[in-house]
Amino acid sequence: MENASKALIMAGEILIGILVIGVLVYGYTNIRSLKAEEQGEITTEQLAAFNREYESYNRKLLRGVDVISVMNKAIDNNRKYEYENAYNISISFELIEELAAYKEVEKENPVTHIKETITVREPRASLKKRNIYSI
């Protein structure tokens, strides 16, 4: 009888050990998946912040200073991540130069009745010069 009770105690200890190992594996798996999700969220936030820097330049009309700024950002980024092609940025833009005609118009000031000559710029829609650039 004594051997049977020792066998039952040993079987109980083995079952408890298996349960403890199972709980540890389950906890490790949950912690690992939680860390993976957290890392995914951090990566998504970093990507969104990176894109926000360049989205401010994604509009129809840019001034020359804006074009130079976005080009400098892209060049700096490409130098920083020179060996990682996934992070390289290429920029292409189209420069539309509207040719205009200038003419002088004489207007009379209604208060002082003095005639003034004003130069007026009149854009000609039919004359547009287009250049496409890529960096």
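## Close-up views of a predicted model

**View 1. N77 and its partners.** Leaving aside neighbours within four places in sequence, N77 is in contact (heavy atoms within 4.5 Å) with F50, Y54, Y87 and I89. This is a predicted model, in which local features need pLDDT of at least 70 and side-chain atom pairs count only at pLDDT 80 or more, while totals for chains, interfaces and linings use all residues. Residues are numbered from 1 along each chain as its sequence is written, and side-chain values use heavy atoms, with hydrogens and water left out. You will find N77 in helix α2; helices (H or I, at least four residues) and strands (E, at least two) are DSSP runs numbered from the N terminus. N77 counts as buried because its relative accessible area is 7%, the cut-offs being under 20% for buried, over 50% for exposed and in between for partly exposed (1.4 Å probe, protein chains only).

**View 2. The whole chain, for orientation.** Before zooming in again, here is the overall layout. The protein chain has 2 helices and 2 strands, and reading along the sequence gives the pattern α-α-β-β. Of the 135 residues in the chain, 7% are buried. Among contacts between residues at least 6 apart in sequence, 40% join residues at least 24 apart.

**View 3. N78, the next stop in helix α2.** N78 is also placed in helix α2. Which residues does N78 touch, leaving aside its neighbours within four places in sequence? They are Y87, N88 and I89. The C-alpha atoms of N78 and I89 are 6.4 Å apart in space, although 11 residues separate the two in sequence. N78 is partly exposed, because its relative accessible area is 24%.

**View 4. I89, a loop residue.** I89 sits in the loop between α2 and β1. Is I89 buried or exposed? With 17% relative accessibility, I89 counts as buried. Another pair to look for is I89 and A74: they are 15 residues apart in sequence, yet 5.8 Å apart from C-alpha to C-alpha.

View 5. Follow V70 and you meet Y54, Y57 and I91, its contacts once neighbours within four places in sequence are set aside.

**View 6. D66 and R59, side chain to side chain.** D66 belongs to helix α2, which spans residues 64-80. The side chains of D66 and R59 are joined by a polar contact of 2.6 Å (N or O atoms within 3.5 Å; within protein, one able to donate a hydrogen and the other to accept it, with sequence-adjacent residues counting only if both atoms are side-chain atoms). Not counting residues up to four places away in sequence, D66 touches Y57 as well as R59. D66 is buried, because its relative accessible area is 18%.

**View 7. The largest pocket.** The largest pocket holds about 720 Å³ of space, a volume being the space filled by probe spheres set on grid points joined across faces, edges and corners. Of its 22 lining residues, Y57, R59, L62, S92 and F93 are the closest to the centre. A pocket is an open set of points on a 1 Å grid over the protein atoms alone where a 1.4 Å probe fits, with protein on both sides within 12 Å along at least five of seven lines; lining residues have an atom within 4 Å of a point. Two or more lining residues come from each of α1 (2-55), α2 and β1 (92-108). The largest share, 5 residues, belongs to β1. The lining divides into 12 nonpolar, 5 polar and 5 charged residues (Ala, Val, Leu, Ile, Met, Phe, Trp, Tyr, Cys and Pro are nonpolar, Asp, Glu, Lys and Arg charged, and the others, Gly among them, polar).

**View 8. The second largest pocket.** This pocket has a volume of about 340 Å³. Among the residues lining the second largest pocket are F50, Y54, N77 and Y87. Elements giving two or more residues to this lining are α1 and α2, and α1 supplies the largest share, 6 residues. By type, the lining has 5 nonpolar, 3 polar and 4 charged residues.
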